[in-house]
Amino acid sequence: MNDFLYDALNLENLDSQPYFIGMMSGTSLDALDAVLCRFDERPVVISSHSISFPSNLKAALAALTMPNGVDGYIKQAAVDFESELDVFGWASVEYGELAAVVVHELLNKAGVGSESVCAIGCHGQTVRHRPQWRFSLQLLDPNVLTERTNIAVVSDFRRRDMAVNGQGAPLAPAFHEAIFNSDYDDTNHRALLNLGGIANITVLSHGEREVIGFDTGCANLLLDGWIKRHTGADFDKNGNWAKSGQIIMPLLEQLLTHPFFEKPYPKSTGREEFNLAWLDQELEKFNKNYNSTHTPADVEATLVELTSVSVARALSKIMAFGDLFVCGGGALNGYLMTRLAHNLPTWHIQSTQTLGIPPTLVESLAFAWLAQQTMLSQPNNLPSVTGAKKSVVLGQVCFP
């Protein structure tokens with residue numbers, strides 16, 4: 001960390017490396033997660049904290065993530081909204097207020113004062129991702145978060161990459177390369193798989209090859225939505241409900257015809273392409289063409305297989321074998337991990353915990369690292385991953 005940055009932020013009483021906070025809420029909208037850490041040779045996790053979204057904010061976010069999705073929400077909302085922009089503006093402020101609560105509780109848990117934190121890297125909630133039109137919207141008012149915490153906030157990470165013709169996603173591969181490639185043994189290939197709402201892979205650099213990373217398709221986004229609809233549960237614990245069902249092979253093959261799966265990388269996706277409305281349309285089409293009976297658990301099992309097969313096909317196009325380290329909430333889904341092992345028999349599959357980082361913290365740590373790079377004016381995108389024409393410094397800084 002350079003002296004100019006210390007002086008600019010008025011940081012005091014730092015032992016060695018300053019603290020950073022990384023914050024992330026994914027497409028599954030399950031919670032707002034935060035981690036307090038330092039970066040030496042490897043990330044040092046000091047503490048982590050998570051808060052579920054209040055029901056009114058979660059409903060607003062879910063509505064905003066769907067094109068024209070706020071119409072029904074506005075009719076039921078407690079606030080007298082008049083348009084989609086009203087909902088966006090209100091939710092941006094509320095997200096900032098919630099993020100500030102998470103930060104204060106995180107610091108209290110760790111016994112660390114805000115004066116010792118260099119910056120917060122807060123991704124915000126993606127409500128629209130349209131790389132074909134060169135924009136991506138992450139909902140967050142960083143001014144609120146900075147004002148409530150008196151800590152610099154780095155946000156809006158995607159649009160600078162898109163300004164140089166990149167996809168703006170995925171962003172985590174730059175972190176994966178920086179952290180997980182330091183002890184990389186060239187005797188074997190190494191890849192990272194994040195199973196959040198969307199699944200994405202990072203194949204680390206090997207010899208002369210550049211880092212490869214891209215979204216492979218849906219993951220917890222559909223799995224969580226489907227079980228919520230049919231059982232009321234927020235997620236399928238250990239994949240037990242899916243495991244009780246039977247994979248519907250004709251439906252699986254139909255779902256795999258989605259054009260995203262055959263797109264060449266770099267590529268990224270989100271709720272705009274994979275959502276329950278799309279699944280309902282596919283099920284309606286399937287039921288017209290096939291005289292079969294199936295249960296909701298069978299559909300869940302098929303969605304697990306959709307995730308594992310699409311990951312396996314994407315990874316197998318790059319290399320035939322290696323070590324695959326899994327992170328994200330999906331790493332805790334035992335049935336999904338079993339199906340991945342079945343569809344990738346030549347890969348050694350394990351959690352990032354074996355590399356010293358809990359799978360549920362990798363994404364938050366990535367945004368703490370991205371914030372560090374931004375504060376140091378260091379490029380933190382990977383053109384080989386996003387398709388950008390050059391390396392740039394991502395993120396906008398809101399100073400206290």
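Student: Is Val-103 buried or exposed, and how does one read that from its relative accessibility?

Tutor: A residue counts as buried when its relative accessible area is under 20%, and in this predicted model Val-103 has a relative accessibility of 0%, so it counts as buried.

Student: Where does Val-103 sit in the secondary structure, and which residues is it in contact with, once its neighbours within four places in sequence are left aside?

Tutor: The residue belongs to helix 4, which covers residues 84-110. With the neighbours within four places in sequence left aside, Val-103 is in contact with Ile-21, Met-23, Ile-120, Leu-145, Thr-149 and Ile-151. As for Ile-21, the C-alpha atoms of the two residues are 8.0 Å apart in space, although 82 residues separate Val-103 from Ile-21 in sequence.

Student: How should I read contacts across the protein as a whole, and what share of those with a separation of 6 or more comes from residues 24 or more positions apart?

Tutor: Contact here means heavy atoms within 4.5 Å, and among the contacts in the protein with a separation of 6 or more, 69% are accounted for by residues 24 or more positions apart.

Student: How many helices and strands does the protein have, and why can it be called as compact as a globular protein of its length?

Tutor: The secondary structure comprises 15 helices and 13 strands. The radius of gyration is 21 Å, close to the 21 Å given by the globule rule for 400 residues, and therefore the protein is as compact as a globular protein of that length. Along the principal axes, the C-alpha trace spans about 70 × 60 × 40 Å, while buried residues make up 58% of the 400 residues.

Student: What does the accessible surface come to, and how far apart are the mean positions of the positive and negative charges?

Tutor: The accessible surface of the protein is about 16800 Å², and carbon and sulfur atoms contribute 48% of it. For the charges, the mean positions of the 28 positive and 43 negative ones lie 6 Å apart.

Student: Which residues does the UniProt annotation "binding site" cover?

Tutor: An annotation of this kind may be inferred rather than shown by experiment; in the unreviewed UniProt entry, "binding site" covers Gly-26, Thr-27, Ser-28, Leu-29, Asp-30, Ala-31, Leu-32 and Asp-33. Among them, Gly-26 lies in the loop between strand 1 (19-24) and strand 2 (32-39), and with a relative accessible area of 22% it is partly exposed. Asp-30 is also found in the loop between strand 1 and strand 2, and its relative accessible area of 44% makes Asp-30 partly exposed. Leaving aside neighbours within four places in sequence, Asp-30 is in contact with Ser-52 and Phe-53.

Key:
Residues numbered from 1 in each chain as written. Predicted model: local features only at pLDDT ≥ 70, side-chain atom pairs only at ≥ 80, totals over all residues. Heavy atoms only, no water. Helix = DSSP H or I, 4+ residues; strand = E, 2+ residues; numbered from the N terminus. Rg over C-alpha atoms; globule rule 2.2 N^0.38 Å. Buried < 20%, exposed > 50% of the residue type's maximum accessible area, 1.4 Å probe, protein only. Areas by Shrake-Rupley, 256 points an atom, 1.4 Å probe, with all protein chains shown as cover. Lys, Arg positive; Asp, Glu negative; His and termini not counted. Charge placed at Lys NZ, Arg CZ, Asp CG, Glu CD.
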